[in-house]
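This briefing concerns the arrangement of a helix, a strand and a nonpolar core in the structure shown below. The points are grouped by topic.

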Amino acid sequence: MSMMSMPKPLSNSSIFVPGPVLLLGAPGVGKGTQAKRLVERFSIPQISTGDLLREHRKNQTELGMLAEELMAKGLLVPDDLVNQMVATRLTEPDTRNGYILDGFPRTLNQAEWLDRQLADSLLPVVAISIVVPERILLERITGRLICPVCGTIYNMYSEPPSQLGICDREGATLTQRADDTEPVFYERMNAFRSKTAAVVEYYRSHGGRFAEVDGNLSMDEVTRSILATLFELRNATDSLESVQHEKVR
Ligand SMILES: [Zn+2]
């Protein structure tokens with residue numbers, strides 16, 4: 001991994017400062033779970049543009065009302081407006097040690113804007129992409145079986161019930177969600193790829209700011225791998241050594 005050109009944070013070496021982290025991953029890779037674990041571990045917030053938009057509208061801020069006006073006309077909320085919401089959020093003190101970005105930046109313009117915005121800060125955004133082979137993702141989604149009585153979730157490929165289509169607990173007939181189909185899966189995958197391609201390329205082409213982790217492992221192994229990757233991207237060798245021996249969760 002290449003050395004970073006940015007200065008290291010002025011922190012005690014025992015306290016790791018994660019800085020801004022963009023987590024990427026196709027539907028079904030477990031991004032939400034991993035984001036939550038990072039949030040808890042480092043006591044940093046998750047910044048989701050969907051949440052920001054909802055809050056601004058709820059609180060009737062100037063930006064929120066502007067967004068509402070556009071949405072009422074059936075128009076998309078422009079990048080610029082979303083950027084302003086992010087800029088405001090990043091002035092809050094809980095973001096000082098870092099944050100997990102969720103759904104932002106979504107375009108090349110937003111990625112460039114964010115870098116300009118963070119030009120004076122100690123740590124740049126790093127992007128970590130959780131990668132799971134498409135065949136496995138397809139099985140995770142189209143194999144999902146749900147018990148309508150007790151809510152247990154099975155997977156016909158990886159965690160099948162002992163009797164085909166029947167819940168182990170009380171014998172109810174398992175059902176599938178209407179959306180858990182192959183065409184819907186491919187539609188979502190294509191949307192994901194076309195949405196993230198430019199952003200992935202942006203961080204990939206700026207040395208030391210992009211890494212992929214294998215998401216086809218247990219949740220704990222993926223967490224450990226994300227942490228190791230993050231420490232590596234931040235050149236935090238002390239922390240890197242510790243996570244290799246540590247039991248995550
Ligand atoms: Zn059941």
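In this predicted model, the cover over the buried residues of helix α4 includes β2 (46-48), α2 (49-58) and α3 (62-72).

**Helix α4**
- Helix α4 spans residues 79-89, and Val82, Met85 and Arg89 in this helix are buried.
- Viewed down the axis of α4, the buried residues fall within an arc of 55 degrees and therefore line one face of the helix.
- An α-helix has 3.6 residues a turn, so residues three or four places apart point the same way.
- Asp80 and Ala87 are exposed and lie on the face of α4 turned away from its buried side.

**Strand β4 and its partners**
- Strand β4 (residues 126-131) is largely enclosed by the rest of the structure, because five of its six residues are buried.
- Strand β1 (residues 19-25) runs parallel to β4 and is joined to it by five bridges; leucine 22 stands opposite alanine 127 in β4.
- Strand β7 (residues 210-214) also pairs with β4 in the parallel sense, over five bridges; here alanine 127 stands opposite phenylalanine 210.

**Nonpolar core**
- The largest nonpolar core comprises 39 residues, and Val21, Ile100, Leu101, Ala127 and Ile128 have the most contacts inside it.
- Helix α8 (residues 219-233) gives the most to this core, contributing six residues.
- Neighbours within four places in sequence aside, isoleucine 100 is in contact with residues including Val21, Leu23, Ala35 and Gln46.

Note on methods:
Residues numbered from 1 in each chain as written. Predicted model: local features only at pLDDT ≥ 70, side-chain atom pairs only at ≥ 80, totals over all residues. Buried ≥ 20, exposed ≤ 12 C-beta atoms within 10 Å, placed from the backbone. Helix = DSSP H or I, 4+ residues; strand = E, 2+ residues; numbered from the N terminus. Pairing = 2+ DSSP bridges. Arc of directions from axis to C-beta. Contact = placed C-beta atoms within 7 Å. Core = buried A, V, L, I, M, F, W, Y, C linked by C-beta atoms within 7 Å.
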